[in-house]
Amino acid sequence: MELKDYFRLLRRRWWIVALCVVLGGAGSYLATERETKVYGSSLTFFLSDGAGRPVSTLVAQSAQTRFTSYITLTSSAPVVRQVEAAAGGGVPILGVFAAGIPNTIFMTVSVKSTSPAKAQQLAIAYGRVFPTYVTQFERAGANGDGTTLR
């Protein structure tokens with residue numbers, strides 16, 4: 001079969017190609033419309049001393065292991081439950097992502113929910129709940145250097 005034979009076949013069966021394009025487009029549209037919309041909000045914490053002052057970068061570098069623990073704690077079940085309750089209940093967290101900003105005393109937490117307002121409520125709740133949780137976590141560990149997250 002030569003190239004001109006393919007073109008001739010395509011010219012005779014153009015409606016099949018058009019039908020496939022229309023059905024594919026309609027299917028994509030319907031799948032996108034039925035998909036749950038996800039919105040995000042984020043906030044940034046900084047490592048501070050017991051008096052609420054930012055710690056020096058040198059202290060922060062020595063506390064990197066603990067900082068990694070803080071990042072892990074953001075998505076732990078106790079923290080997620082407390083944040084959801086503080087956000088007013090009925091506001092589920094669809095996802096939490098935390099990351100430390102390299103060579104700084106800052107950590108960013110991003111939350112995802114089903115509406116922009118709910119995502120913002122969750123971020124605000126993280127701002128209230130997480131530092132308190134970390135302080136309790138640190139006191140339970142009794143490490144003694146007095147740094148905490150703000």
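Ser113 counts as buried because its relative accessibility is 0%, where buried means under 20% relative accessible area, exposed over 50% and partly exposed in between (1.4 Å probe, protein chains only). Ser113 lies in strand β3; helices (H or I, at least four residues) and strands (E, at least two) are DSSP runs numbered from the N terminus.

The model is predicted: local features need pLDDT of at least 70 and side-chain atom pairs pLDDT 80 or more, while totals for chains, interfaces and linings use all residues. Residues are numbered from 1 along each chain as its sequence is written, and side-chain values use heavy atoms, without hydrogens and water.

Contacts (heavy atoms within 4.5 Å) of two residues are tabulated below.

| Residue | Residues touched, not counting those up to four places away in sequence |
|---|---|
| Ser113 | Lys37, Val38, Tyr39, Val91, Pro92, Leu94, Lys118, Ala119, Leu122 |
| Leu122 | Val83, Glu84, Ala87, Val91, Pro92, Ile93, Val111, Lys112, Ser113 |

Leu122 is also among the residues with the most contacts inside the largest nonpolar core, which has 25 residues. Such a core is a set of buried Ala, Val, Leu, Ile, Met, Phe, Trp, Tyr and Cys residues joined through side-chain atoms within 4.5 Å. Elements giving two or more residues to this core include β1 (39-48), β3 (106-113) and α6 (116-141); α6 gives the most, with eight residues.

Elsewhere, the axes (lines fitted to C-alpha atoms over the stretch in contact, with angles from 0 to 180 degrees between N-to-C directions) of α1 (residues 3-12) and α2 (residues 14-34) come within 4 Å and cross at roughly 65°. Leu10, Arg11 and Arg12 in α1 meet Trp14, Trp15 and Val17 in α2.
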